[in-house]
Amino acid sequence: MAIPREPNGRPLTLYTLDLEAALEYAREALSEGLNVEITDRDLRDTQTYRSFQESPVLVKYWGVSLSDDASARGLRSASAHQIIDAVEMLRPEEYGAIHADDLVEFCKAHYLKTGVSADSARNLSSDAHTQGGTYVVGSGKTLSSFKVGDKVTVRAPSDRPLFHHGSHGTVVTVGTKRVHVRMDTAAFENHDGEVANFLPGDLDMGHVGTPRSVDRMNDAFTSMKLEVGADLVSVALDAGVITADQGERIKTAWANHLQS
């Protein structure tokens with residue numbers, strides 16, 4: 001079975017309760033040269049319960065996300081030197097992932113074969129460039145941009161687990177290559193208080209936005225529901241079912257209901 005696609009060519013994501021069906025879909029996608037990401041997801045009920053947090057988990061299901069993006073930002077893409085870094089610098093519990101021996105050995109063999117050291121590859125990484133002898137990350141930030149005590153927000157990390165994205169933290173030390181940050185309010189509560197290290201370009205100055213992933217998700221759902229309510233009011237107005245004043249009152253009541 002060929003992977004179905006949207007009219008614009010984008011491969012469709014599969015959601016299923018059946019792990020075997022998810023794996024079969026992933027195998028077909030890999031055979032077509034697509035990038036694949038399999039995630040387990042919580043199914044909840046926000047119709048009966050007021051919010052995601054109040055609803056119990058009804059069941060676990062699987063998501064198979066696909067991409068034909070050929071860039072280094074593809075879902076399965078990584079640089080070989082980053083995998084070596086992860087194994088040499090951090091325990092799996094700190095990195096958030098296990099890199100199997102066969103993958104690590106392949107990465108090391110690659111640099112032996114090319115004659116380029118992993119350190120040299122890091123400096124040639126497309127994340128960064130050199131200006132006047134100073135290592136500069138794509139954002140323009142360098143290690144000297146940070147000092148102990150600075151409040152920072154983690155962007156989508158270039159070579160660290162994505163579960164840090166959005167976390168608010170405080171700089172505790174500045175190393176020779178990375179900024180070490182204590183998570184004041186992590187994206188996921190169980191990581192509060194942990195210390196992780198990031199490239200300078202992965203950090204924004206100050207505490208910016210909503211740190212908790214679940215709160216960002218709830219905000220997104222609320223925004224979507226507000227838009228649906230506004231669309232319904234617009235349809236009713238066009239049909240002459242309600243007046244403009246009634247429409248505004250309905251939108252206000254809907255917004256208050258979503259905030260309660």
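In the predicted model, Thr173 has His180 of strand E8 as its bridge partner. This contact belongs to the pairing of strand E7, which covers residues 168–174, with strand E8, which covers residues 179–185; the two strands run antiparallel and are joined by six bridges.

Strands E7 and E8 are in turn part of an open sheet of five strands, arranged in the order E9-E8-E7-E6-E10, in which the pairing is antiparallel. The edges of this sheet are formed by strand E9 (195–198) and strand E10 (203–205), each of which pairs on one side only. When direction is ignored, neighbouring strands of the sheet are turned against each other by 45° on average.

A pair of aromatic rings is described by the distance of the centres and the angle of the planes. The count came to one aromatic pair, formed by Tyr15 and Tyr61, whose ring centres are 6.1 Å apart and whose planes stand at 70° to each other. Because an angle over 60 degrees counts as edge-to-face, the pair of Tyr15 and Tyr61 is assigned to that class. Tyr15 lies in strand E1 (residues 14–16), whereas Tyr61 lies in strand E3 (residues 59–67), so the pair ties together parts that are 46 residues apart in sequence.

The two tyrosines were also described by their accessibility. Tyr61 has a relative accessible area of 19% and is therefore buried, since the cut-off for this class is under 20%. Tyr15, with a relative accessibility of 48%, counts as partly exposed, because a residue is classed as exposed only over 50%.

Conventions. Residues are numbered from 1 along each chain as its sequence is written. This is a predicted model: local features need pLDDT of at least 70, side-chain atom pairs count only at pLDDT 80 or more; totals for chains, interfaces and linings use all residues. Side-chain values use heavy atoms; hydrogens and water are left out. Two strands pair if DSSP finds at least two bridges between them. Helices (H or I, at least four residues) and strands (E, at least two) are DSSP runs, numbered from the N terminus. Axes are lines fitted to C-alpha atoms, for helices over the stretch in contact, and angles run from 0 to 180 degrees between N-to-C directions. Rings of Phe, Tyr and Trp (its six-membered ring) pair if their centres lie within 6.5 Å; planes under 30 degrees apart count as stacked, over 60 as edge-to-face and the rest as tilted. Buried means under 20% relative accessible area, exposed over 50%, partly exposed in between (1.4 Å probe, protein chains only).
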